[in-house]
Amino acid sequence: MTATQVFSALARGLRCPGFVRPRPLLSLFLSLAFCAPADILSARAAGAVPPIQAGVYETLLLAVDNNGQITGYYREAQGEGAIKTCDFFLKGRFAKDVLLINTWNDQTFPGEMRSGDKAVTLKVPKASEHPGCGLMLLPMIATDGVELSQTLVRPWIELRTVAVTRSSLHSAPSLGNRRRAYLVQGDVVGVLAARNGWLQIEYLREGKSTTGWIPAGDAAVLYPP
């Protein structure tokens, strides 16, 4: 567990029965060794702490909210000039040790995802039927699944798509803080925070990150068709 989790646990007043706090340093050690791990493990057992981190896994973007729901976007591109693409969205929740998902583009196909050591394994038996995916996805995605390594950790709580023709970025959640940068319809963004009808988002493109605030109504929630 992290130092942040330890101090958060102490701040909430976690105590172990029978332990006395003779000195602050000893108290911290006892909480770390006995109290806090049990608290975190029970949270994991209850499904409150999802075992998959939000971020980038090669060609897959994943966001994880506080309730353990995961939203994702897979995109693989090949070629120059007339680029061929395979892309689809996904959404799901954990059931024991596996994440049951629905994937969709113009059709919806079920699948599953498992977490590994800084990686996820994505299995979708009919993934090749998504538009453009037939000749691009490895055949094993339909059987054993394809392992994707984590390349970037990001604190996204949700993925959304820009639903308007043009959405200007703002430096703060108000109309008076408009910037020159903007997003266009169809762009996929990671949500960092929500406040008073505004979303703080991050947009990744060609290895570059752009962050800002947009009206919540400019970005559509991901739902299967």
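A residue is called buried when its relative accessible area is under 20%, exposed when over 50%, and partly exposed in between (1.4 Å probe, protein chains only). This is a predicted model, in which local features need pLDDT of at least 70 and side-chain atom pairs count only at pLDDT 80 or more, while totals for chains, interfaces and linings use all residues. Residues are numbered from 1 along each chain as its sequence is written, and side-chain values use heavy atoms, with hydrogens and water left out.

Start with the whole protein chain. Of its 225 residues, 38% are buried. Colour by secondary structure to see 2 helices and 15 strands; these are DSSP runs numbered from the N terminus, with helices (H or I) of at least four residues and strands (E) of at least two.

Next, select Tyr-73 and Phe-89. The structure has 3 aromatic pairs, meaning rings of Phe, Tyr and Trp (its six-membered ring) with centres within 6.5 Å; planes under 30 degrees apart are stacked, over 60 edge-to-face, and the rest tilted. The ring centres of Tyr-73 and Phe-89 are 4.9 Å apart and the planes meet at 35°, so this pair is tilted. Because Tyr-73 sits in strand S3 (residues 70–78) and Phe-89 in strand S4 (residues 84–95), the pair ties together parts 16 residues apart in sequence. Both residues, Tyr-73 and Phe-89, are buried.

Finally, select Arg-166 and Tyr-182. Arg-166 lies over the face of Tyr-182, 3.6 Å from the ring centre; the criterion is CZ of Arg or NZ of Lys within 6 Å of the ring centre and within 35 degrees of the ring normal.
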